[in-house]
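This report describes the architecture of a protein chain and the surroundings of selected residues. The sequence and structure are shown first, and the description follows.

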Amino acid sequence: MEYRHLGRSGLIISEIAYGNWITHGSQVEEDAARLCVEAALDEGITCFDTADVYAGTRAEEVLGRALRGVRRESVEIFTKVYWPTGPGRNDRGLSRKHIMESAHASLRRLQTDYLDMYQAHRYDHGTPLEETLRAFDDLVRQGKVLYIGVSEWRAEEIAAALRIAADAGLDRIISNQPQYNMLWRVIESEVIPLCEKEGIGQIVWSPIAQGVLTGKYLPGGAPPAGSRATDPSGSSFIEGYLTDDILGRVQQLRPVADEAGLSMPQLAIAWVLQNPNVSAAIVGATRPEQVRENVRASGVRLDPELMRRIDEILGPVIERDPALTASPRRD
Ligand SMILES: NC(=O)c1ccc[n+]([C@@H]2O[C@H](COP(=O)([O-])OP(=O)(O)OC[C@H]3O[C@@H](n4cnc5c(N)ncnc54)[C@H](OP(=O)(O)O)[C@@H]3O)[C@@H](O)[C@H]2O)c1
């Protein structure tokens, strides 16, 4: 495993991180979740990503139990706040009230005294940005949170947060967590140039496009049993990728992966790691074998000619529109 600084910060994380969206507390049983975490630790993964909202808050509990007994200093625990965690009007968003309440609940569920990274899971159009940044800053000053970041924010939203933090002397965000993979490149034109300039690192989600870039979904075929596309909580998220055009083109990546001596998921993960602004690829897994296969993408260098062939094969199905980075608007 290779390790990278998270943006321009002093924090060093494994360039492959393990995330538990859809899996822990939901798609997979506790035993499988624990085995995946054990495999991750064994393979040198130190960075673990979750969120208060995953599996209705159960995912944090499962991760907390799976990491029990692990030396706290040897792992980086990342979680998030924004999406609803309860029925109340204040059980969501980035108000001071919800941030404080949700941070304390996450600490309890994760069984830890502090979070290495606390992320705003989306931009909250209903809360003044300064209120959010002050609440984050207070958590940092209290030692409950070490670093702050955002997820799926647009370039102008990130720029506004940096401006306010500088003007008010508040802690500055060090990372963004966007979706990024060979098929979904919407951060390349606006978010990445700003983040490169400002020293903000990307910790990217769905680097394998939720399993699609493994090539296991065939055009015109039924999804393999037990895969995310067959899971009641996962199928609606992966749906957009399951078109015959995308799946057909993904099959054409096989010879490219073979030539590079990589499996398809390894090629997909290695691809996102070629971008120097990417600090880590957060991979998900339902089985420990997937973790063990995926970590082999660490340290791989892909040559420019191979990168060009990937672009040529995927061509028209690559999504690049920066406007697709968007947070829900509150009326
Ligand atoms: N910030 C956000 O808004 C946001 C949103 C989504 C995710 N995330 C974060 O990013 C993490 C990763 O997202 P993701 O799970 O969509 O990432 P992903 O790595 O693209 O997809 C993971 C899924 O692909 C399948 N897979 C993985 N490795 C495989 C292999 N070697 N062979 C075959 N199938 C394999 C598994 O599903 P099956 O076995 O079920 O097919 C696995 O659960 C999440 O856990 C979360 O921490 C953040």
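This is a predicted model: local features need pLDDT of at least 70, side-chain atom pairs count only at pLDDT 80 or more; totals for chains, interfaces and linings use all residues.

Gln-119 belongs to strand β6 and is buried, its relative accessible area being 0%. Beyond its neighbours within four places in sequence, Gln-119 is in contact with Asp-49, Phe-78, Thr-79, Lys-80, Val-81, Phe-136, Gly-149, Val-150, Gln-177 and Ile-203.

Asp-49 also takes part in strand pairing: its bridge partner in β5 is Phe-78, and Asp-49 is in turn the bridge partner of Gly-19 in β4. Gln-119 is the bridge partner of Lys-80 in β6.

## The barrel

The strands β3-β4-β5-β6-β7-β8-β9-β10 form a closed barrel of eight strands with parallel pairing. Strand β3 comprises residues 16-19; Ile-16 and Tyr-18 point one way from it, Ala-17 and Gly-19 point the other way, and all are buried. On one flank, β3 pairs with strand β10 (residues 278-283) in the parallel sense over three bridges, and Ala-281 is the partner of Ile-16 in β10. Strand β3 also pairs with β4, in the parallel sense over two bridges. From β3 the chain passes through helix α1 (residues 30-42) to β4, in a right-handed β-α-β crossover.

Strand β4 (residues 47-49) runs parallel to strand β5 (residues 76-81), and three bridges join them. The unit formed by β4, helix α2 (residues 58-66) and β5 is a right-handed β-α-β unit. Strands β5 and β6 are parallel and joined by four bridges. The β-α-β crossover from β5 to β6 passes through α3 and is right-handed.

Which residues cover the two faces of β5? Glu-76, Phe-78 and Lys-80 lie on one side, Ile-77, Thr-79 and Val-81 on the other, and all are buried. Because six of the six residues of β5 are buried, this strand is largely enclosed by the rest of the structure.

## Helix α4

Helix α4 (residues 129-141) lies across β5, β6 (115-120) and β7 (145-150), and runs at about 155° to β7. The length of α4 agrees with expectation, because its 13 residues at 1.5 Å a residue should span 18 Å and its end C-alpha atoms are 18 Å apart.

The buried residues of α4 are Leu-129, Thr-132, Leu-133, Ala-135, Phe-136, Asp-137 and Leu-139. These buried residues pack against β5, α3 (96-110), β6, β7 and α5 (155-168). After α4 comes Gly-143, which has a positive phi near 80°.

## Tyr-118 in strand β6

Tyr-118 is found in strand β6. Is Tyr-118 buried or exposed? With a relative accessible area of 0%, Tyr-118 is buried. Its side chain reaches the backbone nitrogen of Ala-103 at 3.1 Å.

Apart from neighbours within four places in sequence, the contacts of Tyr-118 include Thr-79, Lys-80 and Val-81, as well as Ile-99, Ser-102 and Ala-103. Phe-136 and Leu-139 are among the buried residues of α4. Phe-136 is also in contact with Gln-119. Tyr-118 and Ser-175, 57 residues apart in sequence, have C-alpha atoms 9.9 Å apart in space.

## Ala-326 after helix α12

Ala-326 is found in the segment after α12 (304-314). Ala-326 is partly exposed, with a relative accessible area of 43%.

What distance separates Ala-326 from Trp-153 in sequence and in space? The two residues are 173 residues apart in sequence and 7.0 Å apart from C-alpha to C-alpha. With neighbours within four places in sequence left aside, Ala-326 is in contact with Arg-122 and Arg-154.

Definitions and conventions. Residues are numbered from 1 along each chain as its sequence is written. Side-chain values use heavy atoms; hydrogens and water are left out. Two strands pair if DSSP finds at least two bridges between them. Contact means heavy atoms within 4.5 Å. Axes are lines fitted to C-alpha atoms, for helices over the stretch in contact, and angles run from 0 to 180 degrees between N-to-C directions. The expected span of a helix is 1.5 Å times one less than its number of residues. Buried means under 20% relative accessible area, exposed over 50%, partly exposed in between (1.4 Å probe, protein chains only). A crossover is right-handed if, with the strands pointing away from the viewer, the path from the first strand over the helix to the second runs clockwise. A polar contact is a pair of N or O atoms within 3.5 Å; within protein, one must be able to donate a hydrogen and the other to accept it, and residues adjacent in sequence count only if both atoms are side-chain atoms.
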